[in-house]
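Please walk through this model from its confidence to its sheets, its core and its loops. Keep the structure open while you read.

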Amino acid sequence: MLPFGALALLGCAATGPSPKSAAETASAVEIQFIRSATVAIKYKNLDRKSVTILVDPILADKGTEPPIDFSNTNKNPTIELPVDKKQLLESADAILITHYHPDHFDLEAERIVPRDTLIFCQPYDEARLREKGFSNLQVIDRTFTWKGITISRLLARHHEGAVGAPPFGESSSYSLQTKKEALFFTGDAILDDRLRAALTSVRPNVIVANTGECQFTKENPVLTPGTPMTLTVGELKEMTQLLPRSKVVAVHMDAINHCQLTKDGLRKYVASEHLKGSIVVPTEGDVMAYDALMKN
Ligand SMILES: [Zn+2]
């Protein structure tokens with residue numbers, strides 16, 4: 001390693017463009033995978049300010065909330081949070097709830113999220129959030145721009161044949177666009193005509209994709225057992241073929257009882273299909289720099 005004085009000299013002797021400061025060269029966006037579909041997006045330099053959006057917070061301690069019906073009886077979440085939940089909430093300037101299901105906004109989040117927190121939600125979920133006392137709601141019908149981030153909602157289907165009516169309700173994907181970064185959250189969606197159209201029209205650089213191959217395993221009046229409710233490994237692969245320049249960050253595994261696909265299982269699939277350059281499978285707590293995702 002060069003001593004500091006030598007580095008300063010190198011800087012003085014440079015004849016090309018002046019070296020950029022660490023702040024200028026560091027990635028302006030960090031994506032922290034928290035747990036399941038909970039992800040924190042930190043924009044570090046939007047008009048010289050830092051802005052964090054917390055997506056789909058489930059905040060319960062391990063095993064303290066009921067299982068999703070028609071699957072096994074394991075209580076949720078099945079693993080612990082990797083971070084302090086109070087600090088996580090304090091760091092968030094806004095919350096995006098992709099859709100109001102208990103594995104995307106759980107009972108603990110309902111209890112501890114401050115009632116005046118800015119929450120972006122789909123139109124379908126507004127009334128229920130208001131009933132819970134949340135007063136600072138910004139419904140995303142189509143597009144809304146906040147602090148330089150344009151949030152667009154795109155219609156999605158939670159499973160094949162879903163019509164957006166109860167008991168499942170609407171499901172949505174979202175694109176988060178700044179001047180430099182194009183992020184996309186699939187939400188709970190299958191890769192059908194809607195999601196394909198959304199992805200190919202937005203052409204995001206980074207796609208946070210809800211997988212886990214969630215499904216009901218017991219007979220029930222809602223959905224045929226075995227019907228996928230989130231992306232399958234085959235659909236993740238198809239996504240990489242659809243948008244070969246995009247990076248897929250796979251989440252929504254290991255924490256909720258009806259998820260069948262594990263991170264380990266997906267990592268094995270990614271290796272066997274030679275998709276390591278296209279699909280990232282983070283571990284809970286991992287922080288990914290947007291720029292590094294684009295380079296690797
Ligand atoms: Zn889900």
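Two strands pair if DSSP finds at least two bridges between them. Strands (E, at least two residues) and helices (H or I, at least four residues) are DSSP runs, numbered from the N terminus. With those terms in hand, strand β10 (residues 182–185) and strand β11 (residues 206–210) pair in the parallel sense, over three bridges. Leu 183 has Val 206 as its bridge partner in β11.

Residues are numbered from 1 along each chain as its sequence is written. The model is predicted, so local features need pLDDT of at least 70 and side-chain atom pairs count only at pLDDT 80 or more, while totals for chains, interfaces and linings use all residues. The pLDDT is the predictor's confidence in each residue, from 0 to 100. Its mean over the chain is 90, and 91% of the residues reach 70 or more. Residues 1–25 have pLDDT below 50. Beyond near neighbours in sequence, this stretch has four contacts in the model; a contact means that two C-beta atoms, placed from the backbone, lie within 7 Å.

Now place β10 and β11 in their sheet. Seven strands form an open sheet with mixed pairing, in the order β7-β8-β9-β10-β11-β12-β13. Its edge strands are β7 (143–146) and β13 (279–280), each of which pairs on one side only. Helix α7 (residues 233–242) packs on this sheet and touches β11, β12 (247–251) and β13. The direction of α7 makes about 160 degrees with that of β12. Axes here are lines fitted to C-alpha atoms, for helices over the stretch in contact, and angles run from 0 to 180 degrees between N-to-C directions.

Turn to another sheet. Seven strands form an open sheet in the order β6-β5-β4-β3-β2-β1-β14, and the pairing is mixed. The edges are β6 (137–139) and β14 (287–289), each pairing on one side only. On average, neighbouring strands of this sheet are turned by 25 degrees against each other, direction ignored.

Follow this sheet from β1. Strand β1 (residues 29–35) pairs with strand β2 (residues 38–46) in the antiparallel sense, over six bridges. Val 29 stands opposite Tyr 43 in β2. The two strands form a hairpin with two residues between them. In its turn, Ser 36 has a positive phi of about 55 degrees.

Next, β2 and β3 run antiparallel and are joined by six bridges. Val 39 stands opposite Val 55 in β3. This hairpin also has two residues between the strands. Asp 47, in the loop between β2 and β3, has a positive phi near 50 degrees. Asp 47 counts as exposed because it has 8 C-beta neighbours inside 10 Å. The cut-offs are 20 or more other C-beta atoms within 10 Å for buried, 12 or fewer for exposed, and partly exposed in between, with C-beta atoms placed from the backbone.

The pairing of β3 (residues 49–55) with β4 (residues 94–96) is parallel, over three bridges. Leu 54 stands opposite Ile 95 in β4.

Which residues touch the most other members of the largest nonpolar core? They are Val 208, Ala 209, Val 249 and Ala 250, in a core of 71 residues. Such a core is a set of buried Ala, Val, Leu, Ile, Met, Phe, Trp, Tyr and Cys residues joined through C-beta atoms within 7 Å. Leaving aside residues up to four places away in sequence, Val 249 touches several residues, including Ile 31, Val 208, Val 280 and Met 288.

Most residues other than glycine have a negative phi, and most peptide bonds are trans. His 274 has a positive phi near 55 degrees. His 274 is found in the loop between α8 (263–272) and β13. Why is His 274 exposed? Because 8 other C-beta atoms lie within 10 Å of His 274, it is exposed.

The bond from Asn 76 to Pro 77 is cis, with omega near -20 degrees. Pro 77 lies in the loop between β3 and α3 (85–91). The bond from Pro 166 to Pro 167 is cis too, with omega near 10 degrees. Pro 167 is in the loop between β8 and β9.
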